Amino acid sequence: MNDPYKVLGVPESATDAEVKKAYLELARKYHPDNYHDNPLADLAQEKMKEINAAYEEVNKLRGSSRGGGSRSTASYGGYSGSYGYGYGGGGSAQQSGSSVLQQVRMSINAGDLSRAEALLTNYSDHNAEWNFLKGAVCYRRGWLDEAKRYYETAAQMDPGNQEYRQALEFMNGASRSAYSPRGGFGTELCGNSSLCQQLCCTYLLCNGCGAGFWGLRCL
Amino acid sequence: MFGYVRPPLDQLPPEEQERFRRAYCGLCHTLRCRCGLPARFILNYDFTFLAILLSGGEEPETRCARCVASPLKKRAFCGGNPALDLAADESVILAYWQARDGVEDHGFLKGLRYRAASRALWGSYRKAAAARPEFDRVTREQLRRLSELEQTKSPSLDKPADAFAQLLSAAADEAADSSLRRILHQMLYHLGRWVYLMDAADDLKEDAAAGNYNPLIYRYGLTDGAWTEESRASFTQTVDHSIRLLATAYELWDFGCWTPILEHTIYAGLFQVGKAVLSGTYRAGRTGQKKDRNVEETT
């Protein structure tokens with residue numbers, strides 16, 4: 001196993017509180033909520049396991065070196081929670097209204113988007129669930145605008161359905177819930193207009209002889 | 001399509017600015033060595049960013065040399081390595097086909113500048129395409145898809161953005177590590193999507209006035225080229241979501257010495273550029289450099 005301190009990004013001399021703070025920051029970054037329906041969720045899950053193991057290891061080392069005693073800072077079970085896609089793979093799977101749509105859910109879970117798409121194309125009843133699954137395929141492909149529109153249609157057609165409403169809420173709150181090392185996340189939050197303007201002024205890297213270089217670039 | 005991805009250098013400490021400059025100079029040297037002198041004219045921040053991503057966290061050894069930009073004093077730069085070679089070849093292929101695209105899109109007179117650029121790059125392009133035939137194939141295929149969508153005036157944002165995003169994400173195909181390949185693929189896909197949509201937003205007014213195709217006009221019904229509050233909110237939401245997916249992918253790999261530059265670009269630089277584009281100050285902020293922008297477009 002890797003050095004647990006290195007995994008947590010703190011020196012061995014860090015206090016318990018510092019270790020915990022580093023752990024919580026990492027847990028926030030790789031939290032399942034942050035990788036909801038993300039094609040790289042499996043990699044995030046591996047990271048989370050590594051971090052949890054490192055945190056437990058550090059606590060064990062520190063506990064035994066201070067004469068034992070079980071410490072109450074074990075890793076957060078909740079953070080190693082589900083990275084599943086929730087389209088019918090896990091135990092709490094939604095039941096589909098038809099066997100074809102159930103197959104679509106299974107294909108999405110298996111990452112076989114072409115098959116899911118083909119099944120949806122051949123399915124003539126464009127009901128709420130069809131729209132929801134169409135949105136899920138778009139989302140996994142990175143077609144975020146169309147994903148949101150399909151989710152909207154699904155939620156309009158069946159307003160009582162929690163699964164559709166959650167998908168739409170996730171799309172609407174994606175910037176608010178995004179992890180950022182510096183707090184704010186989003187284009188509209190970038191407030192400092194003078195900074196923006198500075199940025200727009202072309203920054204000459206080769207400052208000493210920028211003119212010559214720039215002249216060259218202009219042909 | 002270039003000129004949107006840039007680290008907020010003014011927010012980075014001097015040693016990080018210097019590190020970025022070394023990568024920039026390193027790419028310039030690599031372009032000249034691998035693809036010939038004309039290739040170095042395509043150098044820009046976007047391609048430097050690509051080179052940094054493809055390096056996957058390794059910092060190449062630093063070398064020193066004089067060059068046209070620094071003829072008297074030797075300057076440090078990132079020495080050649082496979083990632084820089086790859087970035088150089090892919091940059092030349094992209095720049096060449098963008099210039100060819102410009103020839104197709106413009107009439108004889110306006111197309112001249114593109115024609116000149118593509119002529120100048122022809123030799124460099126041949127070398128680069130011979131080294132990366134697969135990337136060359138994907139680039140041609142996706143640009144053809146893009147021009148078809150433009151001709152049919154597609155009202156979808158995602159479809160044309162997907163063509164450019166797939167093109168850019170193909171740059172990751174040669175990464176050796178399979179996790180790194182998946183991560184870079186996702187990062188470059190959403191970077192490409194963001195760049196395409198930003199470019200569309202930046203051109204919105206001009207395209208609406210000239211009657212050119214722009215997906216935003218058809219998606220949001222902005223025939224006069226002005227944002228409504230609703231359309232702007234919807235657009236911001238979708239581009240920010242791409243940055244979110246770019247950022248979540250970025251966090252899964254250790255990019256080593258490049259971490260400060262990448263982190264600042266992803267979590268601050270892109271938002272700042274986006275905000276400036278949306279408020280219409282991005283081009284305005286570059287008045288007097290309009291010519292340069294055009295040169296960037298030709299290249």
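This is a predicted model: local features need pLDDT of at least 70, side-chain atom pairs count only at pLDDT 80 or more; totals for chains, interfaces and linings use all residues.
**Helix H1 of chain B**
- After H1(B) comes B:Gly36. The phi angle of B:Gly36 is positive, near 95°.

**Aromatic pairs**
- Over all chains, the count comes to 20 aromatic pairs.
- One of these pairs joins B:Tyr96 and B:Trp97 in an edge-to-face arrangement, with 5.2 Å from centre to centre and 75° between the planes.
- B:Tyr96 also forms an aromatic pair with B:Trp122, and this pair is tilted, at 6.0 Å centre to centre and 45° between the planes.
- The pair of B:Tyr96 and B:Trp122 links distant parts of the chain, since the two residues are 26 residues apart. B:Tyr96 belongs to helix H3 (residues 82-105) of chain B, whereas B:Trp122 belongs to helix H4 (residues 108-131) of chain B.
- B:Tyr96 has a relative accessible area of 7% and is therefore buried, the cut-off being under 20%.
- B:Trp122 has a relative accessibility of 40%, so this residue counts as partly exposed.
- One aromatic cluster is formed by A:Tyr179, A:Phe185, B:Tyr267 and B:Phe271.

- A:Tyr30 lies in the loop between helix H2 (16-29) and helix H3 (41-65) of chain A.
- With a relative accessible area of 5%, A:Tyr30 is buried.
- In sequence, A:Tyr30 and A:Ile51 are 21 residues apart, and in space their C-alpha atoms are 9.3 Å apart.
- A polar atom of the A:Tyr30 side chain lies 2.6 Å from the backbone oxygen of B:Glu251.

**Cysteines**
- The count of disulfides over all chains comes to 0.
- B:Cys33 is in no disulfide: its nearest cysteine sulfur, that of B:Cys28, is 9.4 Å away, whereas a disulfide requires two cysteine sulfur atoms within 2.5 Å.
- B:Cys33 has a relative accessible area of 59% and is therefore exposed, the cut-off being over 50%.
- A:Cys138 is buried, with a relative accessible area of 7%.

Conventions: Residues are numbered from 1 along each chain as its sequence is written. Chains are lettered from A and ligands numbered from 1 in the order in which they are written. Side-chain values use heavy atoms; hydrogens and water are left out. Buried means under 20% relative accessible area, exposed over 50%, partly exposed in between (1.4 Å probe, protein chains only). Rings of Phe, Tyr and Trp (its six-membered ring) pair if their centres lie within 6.5 Å; planes under 30 degrees apart count as stacked, over 60 as edge-to-face and the rest as tilted. Helices (H or I, at least four residues) and strands (E, at least two) are DSSP runs, numbered from the N terminus. A polar contact is a pair of N or O atoms within 3.5 Å; within protein, one must be able to donate a hydrogen and the other to accept it, and residues adjacent in sequence count only if both atoms are side-chain atoms.
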